[in-house]
Amino acid sequence: MSVDISAETPPAADGHEFWRRFRRSRAGVLGLCLVVLLVAVALAAPLLAPRDPQTTSMAALNHPGTPGHPLGTDNLGRDIYSGVLWGSRVSLTVGVCAAATAVLLGVLIGSLAGFYGGWTDAVLGRITELFQVIPRFVLALLVVALFGSGLWKLIAVIGILSWPQAARVVRGQVMALRGAAYVDAARVLGLRNARIIFSEILPNVLAPVVVIGTLDVAGAILLEASLGFFGLGDPNLMSWGMMLNNAQAHLREAWWMSVFPGVGISLAVLGFNLLGDGLNDAANPRLDV
Amino acid sequence: MSASGPLLLIEDLHTHIPTPRGVVRAVDGVSLSLAPGASAGLVGESGSGKTMTGFSILRLFPTQAARIVRGRITLAGRELLSLTEEEMRRVRGGEVAMIFQDPTTYLDPVLPVGQQVAEAYAVRHGWEQARAKAVEALALVGLPDPGETYRRFPHELSGGMRQRAVIAMAIVCRPALLIADEPSTALDVTIQAQVLDVLGRLRREMGMALLLITHDLGVVAEICETVHVMYAGRIIESAPAEVLFASPGHPYTQGLLAATLGIDEARPITRVLEGAVPDLARLPRGCRFHPRCPAVMQRCRVEDPPAFRLGEDHIVECWLHASGAAP
Amino acid sequence: MILEARDLTKRFPWGRTFTGVRAWVRAVEGVSLGVAEGDTLALVGESGSGKTTVGRMLAGLETPTSGEVHYRGQALSALAGESRREFRYGVQMVFQDSQASLNPRKTVARILEVALSVRGVPAGARRDAAADLLVEVGLEPPGVFLGRFPHQLSGGQRQRINVARALAVDPAVIIADEPVSALDLSVRAQILVLMQRLQQQRRVGYLFISHDLAVVRSVARRVVVMYLGRIVEEGPTEAVFGRPVHPYTEALLSATPVPNPRLARLRRRIILPGDVPSPVAPPPGCAFHPRCPVAVEICRREFPPPVHAGEGHTALCHLGARRVPHIKSPTASRNLRTASM
């Protein structure tokens with residue numbers, strides 16, 4: 001070799017380089033904007049919302065543009081605008097917390113399977129496959145129907161049903177890295193396995209995990225909305241899914257009841273998906289000449 | 001082509017690679033000539049530009065960005081740089097062939113090796129005699145039972161056999177010049193010996209000239225008649241092998257030789273060249289070796305040294321040999 | 001001996017057949033060797049010789065199928081608690097690939113601090129200790145290097161960091177697996193000089209694993225030559241290089257390029273035919289016989305006996321007695337089988 005140009009291009013470990021590549025992905029930047037917007041709306045909901053989304057009034061089924069109700073009201077006179085704003089909190093909370101649960105479980109199970117291999121891997125692998133083949137939505141429906149709903153139950157159910165993908169990716173990566181020379185060096189130094197996994201291996205697996213976590217948020221938001229749509233959301237909180245559920249009976253006379261929460265769901269899911277793709281492209285740059 | 005003229009003549013070759021960090025001057029004014037049937041070694045460490053020089057001759061670059069910006073390359077009297085891409089394709093594998101360090105990359109895993117060798121021939125001369133020529137080439141590189149080897153797939157061969165199959169592909173059209181880039185570096189010592197033996201035999205039996213690109217001075221000593229030492233894009237010393245090894249003129253060559261260990265004597269390493277090859281995008285001012293040179297003088301820091309002639313074919317780019325300077 | 005291999009054997013499973021019977025890769029068969037304090041023992045062989053596996057077993061990275069690694073006279077499998085930890089400090093490793101052996105996400109400071117923490121250096125003193133290590137391996141001023149990531153260093157600098165990490169726990173033995181093979185010539189010399197200086201200063205023993213006989217000649221006091229998982233010859237460097245007994249050793253020496261064109265042209269070269277056979281099915285008798293230029297009938301059938309060729313110099317070859325003129329009878333050498341191995 002005479003001129004090793006690749007050696008001069010630092011790996012994704014370099015934050016600046018990562019950001020430079022991420023900015024080149026238009027979809028990723030758009031996703032980031034949507035996610036930032038969603039977070040801002042969720043944080044500022046109490047300030048932005050003109051009224052309590054649960055408060056009913058006599059002004060039932062008002063059209064959008066009605067004074068005081070920019071997006072109209074539902075069949076019980078609740079303000080849709082306020083409902084959409086407050087609903088973002090539920091979606092974001094469930095989405096982020098459930099994805100975090102899924103990633104945590106996935107990383108744990110995946111790194112155990114990948115690091116130890118053998119029987120551990122065989123058993124955990126079968127369990128992962130089992131969770132992958134059961135229809136998530138049906139099982140979630142069943143669990144919520146049996147044990148009742150609530151914000152934290154939703155998070156737990158969605159989280160527990162969503163870990164396999166993270167587990168599979170982490171397992172593969174850990175398996176590839178456990179034979180790396182720097183892991184051997186850590187072993188020779190006598191580091192304990194837990195320390196080797198957490199401090200030597202996992203930091204190098206972070207990039208794909210972040211990507212999967214981001215995509216998991218989108219999936220969890222969608223799943224939460226679907227459960228809400230079937231009337232299995234947290235009954236005490238105004239969520240987009242529940243608003244859709246209410247809207248079912250009034251699809252013909254009050255389109256605004258379904259459209260605005262629907263747009264909220266779509267933008268949130270789109271945002272996290274685009275962000276995930278953008279991060280993925282930035283973490284795994286394809287050869288661009 | 002005149003009988004006495006050189007087969008390959010490179011004059012003032014410059015190959016640059018634009019990168020975000022600046023222009024990498026991978027080859028920065030290289031000149032060398034090679035007589036028909038002769039063997040020369042192009043020696044250097046990584047970053048010396050030796051591989052890029054080899055690629056420049058065939059205009060085959062690992063990166064699209066690489067550009068030959070100046071110079072002349074003449075093969076048997078023909079100006080290569082003025083050839084079209086189509087004409088160049090006929091030169092590659094025809095008059096000039098090249099083999100590389102990792103043989104597996106150049107073999108198609110789903111075709112029998114013999115067929116691949118035959119194809120290299122058929123591209124130019126048709127399929128009529130291709131099979132016979134391929135078997136002949138496989139025999140020439142010393143593969144046992146060439147008829148049988150013809151039918152075997154690359155994964156069925158060992159590393160050493162694969163490298164010989166690649167050599168067979170390269171020589172099946174009987175090139176006048178073979179450029180071998182680290183042909184034995186990835187191989188075990190005993191297999192390296194086989195490959196070097198094959199290269200030597202091909203030269204004798206086919207009258208083929210050899211340009212060997214390597215970092216290994218031991219390999220050069222074994223099979224090269226002349227040696228060109230490259231450093232940071234330039235040939236800083238050229239000499240017949242025996243002269244270069246016996247009385248190296250450039251402090252870099254001296255350092256390399258001091259660092260090259262032999263098996264015939266337990267020689268402790270006494271002199272060590274400190275530092276590393278400079279960034280080819282940010283070459284130092286003056287002589288490019290001066291930051292590492294143990295004999296650096298004031299002049300070296302400001303002025304690029306010209307070529308000084310020490311013997312008939314012994315040329316050194318170093319101010320130490322300017323008349324009036326110390327030895 | 002600080003670190004010893006006693007009759008180490010390592011077999012890896014190699015696929016399964018339908019009947020459930022596995023084939024085995026015989027990576028290492030009955031290897032015994034020892035590294036003394038402040039000494040350098042070279043382990044030489046080509047790919048497939050098992051030299052790396054021997055190194056990994058000695059470092060505790062692989063468990064032997066049979067045989068034992070002994071550290072300061074105690075069997076590794078019997079070490080527990082404090083003495084196990086002492087072995088961990090006592091034996092370190094430096095790998096061939098300087099980049100792959102450093103965690104790409106960690107700075108030099110972090111890499112060294114982790115190693116220092118293992119040895120119990122208090123957190124507050126680690127940064128200074130790391131800087132001292134950098135100075136010791138010739139990376140000065142240390143402040144420049146502490147904050148760097150591995151990809152921001154050159155190959156030679158990275159290999160110095162690897163040496164520094166090994167030194168951080170103050171080992172008695174460093175197993176260096178092809179430590180300079182991937183480095184450029186001038187950098188290679190720098191690292192070899194560094195390793196020699198450290199040995200003099202710290203009395204550290206090296207097991208120097210390499211395929212490069214020229215490097216081995218300049219660094220090792222004793223040499224062990226392996227072929228297909230077994231030791232075929234061992235002895236003082238001067239004796240093995242100067243009067244090789246085993247035809248394989250002789251061929252290796254003859255195949256190593258000589259950096260001297262005059263000598264190179266005069267030299268008689270032995271070119272071995274073929275390649276190293278598969279360690280799944282090593283040839284019967286002497287494993288080297290299919291490539292051996294002087295093999296006779298008995299080599300195909302019987303495992304060769306050890307031949308004593310001088311002080312601490314032994315080879316396993318049927319023709320050994322004939323190849324070492326001063327040895328009279330093969331029976332004399334046969335008695336050495338237990339003594340030398």
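Biologist: Where does L261(B) lie?
Modeller: L261(B) sits in the loop between α10 and α11 (298–302) of chain B; helices are DSSP runs of H or I with at least four residues and strands are runs of E with at least two, numbered from the N terminus. This is a predicted model, in which local features need pLDDT of at least 70, side-chain atom pairs count only at pLDDT 80 or more, and totals for chains, interfaces and linings use all residues. Residues are numbered from 1 along each chain as its sequence is written, while chains are lettered from A and ligands numbered from 1 in the order in which they are written.

Biologist: Why does L261(B) count as buried?
Modeller: Because L261(B) has 26 C-beta neighbours inside 10 Å. A residue is buried if 20 or more other C-beta atoms, placed from the backbone, lie within 10 Å of its own, exposed if 12 or fewer, and partly exposed in between.

Biologist: What separates the C-alpha atoms of L261(B) and G218(B)?
Modeller: A distance of 8.6 Å, with the two residues 43 apart along the chain.

Biologist: Turning to chain C, how many residues of chain B are in contact with it?
Modeller: 39 residues of chain B are in contact with 39 residues of chain C, contact being C-beta atoms, placed from the backbone, within 7 Å.

Biologist: Which helix of chain B gives the most to that side?
Modeller: α7(B), with 7 residues.

Biologist: And chain B overall, how many helices and strands?
Modeller: Chain B has 11 helices and 12 strands. Of its 327 residues, 50% count as buried.

Key. Contact = placed C-beta atoms within 7 Å.
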